[in-house]
Every structure is written in C-alpha cells, then in structure tokens.
Amino acid sequence: MKKVLSAAVLLALLQLVNSCEINEEFQGSLTTDQVGGSGSSNTSSLLDGVYTAMRSPFQGAGQVFALSEVTTDERLMPTRGGDWDDNGKWRQLHLHTWDANHIEIRNSFNNLNAVVFAATDLLRYNPTQQQQAEARFLRAWATYWILDLFDQVPYRDPGESVTQLARVRKGTEALEYVISEVNEVLPNLPDAPAYRANKDAARGLLMKCYLNRGVYANRAAPTFAAADMNQVITLADQIINTNRYKFAANYFDNFAPDNTNIGTENIFTELNQGGVSSGAQFDLWRFISHYNMVPSGYNGPTALSDFYDKFGANDIRRGTVYSYTNGPLNPGKRQNVGFLVGQQYNLNTDAPLTDRSGAPLAFTREVSIIETDAKTLERTGIRPMKYPPDFTNNSAGTTDNDMVHLRLPDVLLMKAEAILRGGTATSAGPYGNTPLALVNSIRAHPSRNAGALPSLTLDILLDERGRELYLEEWRRQDMIRFGKFLGPIQEGPTSSSPTYLIFPIPNQQVAVNSNLTQNPGY
C-alpha cells in the first residue's frame with residue numbers, strides 16, 4: 001500500500017514536466033491489476049493520496065496562502081534587518097512586482113497541478129462511484145484555483161501518457177468545465193464529514209464559480225449577471241437548509257486544534273491529525289510568534305494597521321482570551337488569539353516578555369516593509385494569530401488544526417453579495433432575507449459580538465468579508481471582484497498594472513509545454 005502511494009506522488013511530480021524530447025519508455029505507471037479492483041484498499045489509498053496532495057499548495061504560509069494574502073491589505077512579510085529577506089520574494093508579492101520566476105508562484109502552479117494529476121490518475125483504476133466523485137471534486141477544486149490564479153489550466157484524460165503535452169483550458173472555458181464536473185459528481189458525494197469532499201463543499205465551490213463568473217470573463221471590469229447571482233442564492237439556501245451548520249460557541253473554535261469536532265461552521269476542511277500526519281498549518285503561528293513567546297516562533301509576518309482598524313473594539317474576531325485543552329495556564333488572562341498588539345506575556349507565568357535585546361516585547365501598530373532600526377527590529381507590526389496553536393503537537397510539527405476552506409459565514413456573505421448585485425432575495429434558516437440581515441446575523445452573534453451594522457454597501461461588505469474571513473485565502477479573490485486589488489495598499493503600491501490581476505505561468509512550464517502561453521505583461 002505504501003508503495004502505491006509513493007508511486008502516486010512520483011506520478012504527480014510528472015504532471016507538468018514533459019517535453020517532446022522525452023523518448024525513454026515511461027516505466028512508472030501502475031496497472032489496474034496491481035492496484036486492485038473497484039473499492040480495493042489500494043484504490044482507497046490512492047484517494048487518500050489525493051487528499052494528502054492538497055496539503056502542499058494550500059496549507060502553511062507559502063504557495064496559495066502567500067499569493068492570496070501577502071499580495072493584499074491583510075498581510076505583510078517585512079524584512080527585519082538580515083531576517084526574512086528571502087531574496088525579496090515576500091516584498092515582490094506585496095509590492096506587485098513579481099515575475100515568472102517567482103518561487104511561490106512556481107510552487108503554487110506545480111503543486112496545484114499535482115493535485116489535478118493525482119486525482120485524474122486515480123480514475124483509471126476503477127474506483128467506486130463515491131471514490132470517483134471525491135477525486136473529481138478535488139480535481140475541480142484544484143482546477144478552480146489554477147484558473148483563479150493563472151487563467152490557464154493544463155489537463156489530461158485518465159490514462160493519457162505523461163509524455164504527451166498537457167492540453168490547456170483557459171478562462172471561462174475552464175470555469176464551465178469546473179461547473180459541469182461539480183454538478184455531475186455532486187449527487188454521488190457524501191453529506192459529511194467536512195474533511196472529505198462532500199455535497200455542501202461542492203455547492204460552496206459552485207457558489208464561488210457563479211459569483212466570480214464575470215471576473216473570469218473580464219478581471220479588470222467584471223459584470224455580474226442576475227442569473228448567476230440567483231444561482232449563488234439558490235445554492236446558499238440549499239446549504240443552509242441542510243441544518244448541518246451553526247455558529248460556533250467561539251469564533252476561534254473553527255480553527256482550534258479540535259476543530260474537527262467543535263468547528264460547527266466548517267463545511268470543507270483538510271484533515272490534520274496531531275502527532276500522526278498534517279500539513280504545515282503550524283506555520284500560521286510559528287511564522288508570527290517572537291522567539292521568546294509561547295509557543296516560540298520565527299518573528300516574521302504582520303497584519304497592517306489599516307486592516308486592523310476595520311474591526312470594532314469589542315469584535316471578538318479582533319482578539320480574545322481563548323481557553324482550550326492542553327493550552328498554557330494563562331494566569332493573567334492575556335489575549336492569545338486574533339491580532340496581537342502591545343506588551344506580550346509568558347502564557348505560563350504571566351511574566352512580561354522582552355525581545356532579545358532585553359527591551360519590552362510590545363508589538364507596535366507601525367511596521368515598514370523593510371525594517372532597519374535595530375532597536376525596534378523585533379517588535380514592529382501587529383501579529384495575526386488566526387489558528388490557536390496546538391501546544392500538544394507543536395514540537396512534533398504534526399498539528400491537529402484542520403485547514404479550513406469553506407465555512408457557513410462565507411456562504412451567508414456570498415448570498416448577501418449576490419442579492420446586492422441584483423439577485424432575488426430569499427429566506428432560508430434564521431438569517432433573514434436581506435443583505436443587511438444576513439451580515440448582521442453573523443456580526444451580532446455572541447461568538448463575534450461585533451454589533452449590527454446600520455446599513456450595507458458593497459464597500460462595507462468587502463470590509464466585512466475581510467473581518468470574517470481574514471487569512472482564509474479568499475482576500476485576493478475578493479479584492480479583485482470588488483475592484484480594489486490594484487491599490488492603494490498600505491506598505492504596497494498606490495496603484496498597480498492590470499497585469500497583476502493574474503499571475504504569470506512559470507517560465508519553466510512555458511518552456512516545456514507549447515500549449516501554454518505566457519500571460520500578458522510578463
């Protein structure tokens with residue numbers, strides 16, 4: 001079984017690296033007899049391998065996360081003296097100066113396509129109907145992200161030789177393929193759990209497709225058809241009417257180490273098993289924590305004060321004292337999740353912390369993309385702690401926090417947006433039938449305590465999506481759809497060229513596949 005999984009991973013690496021010059025006979029394929037019949041344990045293992053392949057592009061603080069967050073108003077990766085320079089890759093993302101050789105762009109493209117390949121390859125081994133549906137959904141999910149980021153999606157049919165050039169779907173053609181695939185497999189997906197491809201995850205992906213259909217037709221000036229908005233609303237109501245999801249007791253339950261069980265808002269996640277197997281979700285606290293904090297970290301990325309100021313003072317999403325199993329005692333009841341600003345404390349003893357020079361470790365609102373003052377180098381910038389650290393498994397690097405893709409509030413916010421953009425209002429669940437009521441159902445819940453808004457516009461809705469969904473990898477997509485991505489952005493560009501509304505195809509891939517063409521401006 002382990003050999004089968006290894007073969008799947010090796011095959012995935014060959015998804016894109018192909019050329020007409022490859023003449024050797026490919027010896028890495030498995031036969032149906034080797035894998036076993038429909039529903040065999042080996043087929044099941046291959047499907048597990050597709051889920052595992054999802055971790056690389058989506059989990060942690062690089063790849064899709066970096067492209068979706070560091071390029072926006074939510075996240076800054078400042079260079080701190082000699083630390084965090086990384087050949088300028090973080091600055092290039094925030095300043096919108098990247099090119100087709102950028103490593104995070106290349107890794108995102110390659111590893112998203114590895115998911116597509118692994119899922120496609122599984123289909124030739126006679127999976128059960130549900131296994132096939134799950135694999136095709138995961139393929140559609142990765143395909144959607146390739147479309148969103150790059151506008152060009154390489155593909156092959158099951159069993160097609162990897163020595164042949166992958167064909168390419170572009171723009172709305174790729175979108176229509178995703179919509180068709182998801183609609184076809186949806187009836188054969190299970191209802192639950194959230195960490196498997198499921199019916200509501202499929203409906204959520206379709207909502208993203210219809211909401212952004214006008215974006216993929218014209219990213220610089222999208223339009224929104226009422227028919228598409230009504231599709232978003234219908235799908236939202238289908239999810240709501242399952243009654244499977246409700247607001248969590250605490251907003252941060254959705255991201256905590258035990259969010260498999262207590263994340264009652266979560267619709268689609270990636271399963272991590274503490275001490276057993278996980279992606280790099282620990283980077284979401286390790287990257288931001290100072291060396292002297294509990295848990296210790298690498299003292300890097302920050303939030304930006306302009307974004308922090310979008311939150312009200314009592315909004316729990318901005319930060320709170322979070323208690324959970326095996327966490328530090330936190331005798332001083334210090335804020336330990338959300339946006340960390342000001343003096344920091346040892347969460348075991350309540351002693352005030354210092355930086356490595358002995359100065360009080362008090363995180364400042366102010367931060368520059370390049371920090372040079374040795375006196376403040378380690379203390380600048382508000383630190384965003386969205387995922388409560390898994391103290392039990394942090395040292396092992398296999399953490400228990402499931403990575404969250406889709407949640408109930410995103411569904412409600414998409415429904416509100418669709419109505420604002422011309423869709424027909426409907427009632428489903430206890431959330432109301434107007435955009436303002438839908439948004440306020442989230443804000444006024446005790447798990448947020450943000451208070452009701454008096455009115456709602458598209459600009460206010462974009463801010464609310466930021467407050468609710470920060471660091472969940474939707475910010476770049478949202479800012480493009482709302483016409484805000486090209487600037488101005490704090491510590492970033494005042495304005496950017498429309499070139500940067502999509503990323504370049506990595507040069508290495510253009511070189512080996514003549515069906516790919518470099519995106520305009522690169």
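A residue counts as buried under 20% relative accessible area, as exposed over 50%, and as partly exposed in between (1.4 Å probe, protein chains only). The model is predicted: local features need pLDDT of at least 70, side-chain atom pairs count only at pLDDT 80 or more, and totals for chains, interfaces and linings use all residues. Residues are numbered from 1 along each chain as its sequence is written, and side-chain values use heavy atoms, with hydrogens and water left out.

Side chains of opposite charge can pair when their charged atoms come close. A salt bridge was assigned where a side-chain nitrogen of Lys or Arg lies within 4 Å of a carboxyl oxygen of Asp or Glu. This rule gives 43 salt bridges. One of them joins Arg475 to Glu74, with an N to O distance of 3.7 Å. The pair links distant parts of the chain, 401 residues apart. Arg475 belongs to helix α18 (residues 475-481), whereas Glu74 sits in the loop between α4 (63-70) and β1 (79-80). Helices (H or I, at least four residues) and strands (E, at least two) are DSSP runs, numbered from the N terminus. Glu74 has a relative accessible area of 2% and is therefore buried. Arg475, at 3%, is also classed as buried.

Asp121 and Arg124 form another salt bridge, at 2.7 Å from N to O. Here Asp121 is buried at 10% relative accessible area, while Arg124 is partly exposed at 24%. Glu160 pairs with Arg167, and their closest N and O atoms are 2.7 Å apart. Glu160 is partly exposed at 24%. Arg167 is partly exposed at 29%. Elsewhere, salt bridges with shared partners build one network from Glu265, Asp315, Arg317, Lys386, Arg407, Arg443, Arg448, Glu464, Arg467, Glu468 and Glu472.

Helix packing was examined for α9 (residues 199-211) and α11 (residues 226-240). Their axes come within 9 Å and cross at roughly 160°. Axes are lines fitted to C-alpha atoms, for helices over the stretch in contact, and angles run from 0 to 180 degrees between N-to-C directions. The two helices are therefore roughly antiparallel, a class for angles over 145 degrees. The contact (heavy atoms within 4.5 Å) involves α9 residues including Arg203, Leu206, Met207 and Tyr210, and α11 residues including Met229, Val232, Leu235 and Ile239. The contact residues comprise nine nonpolar, three polar and three charged. Nonpolar covers Ala, Val, Leu, Ile, Met, Phe, Trp, Tyr, Cys and Pro; charged covers Asp, Glu, Lys and Arg; the others, Gly among them, count as polar.

Key:
Angles under 35 degrees count as roughly parallel, over 145 as roughly antiparallel, 65 to 115 as roughly perpendicular and the rest as oblique.
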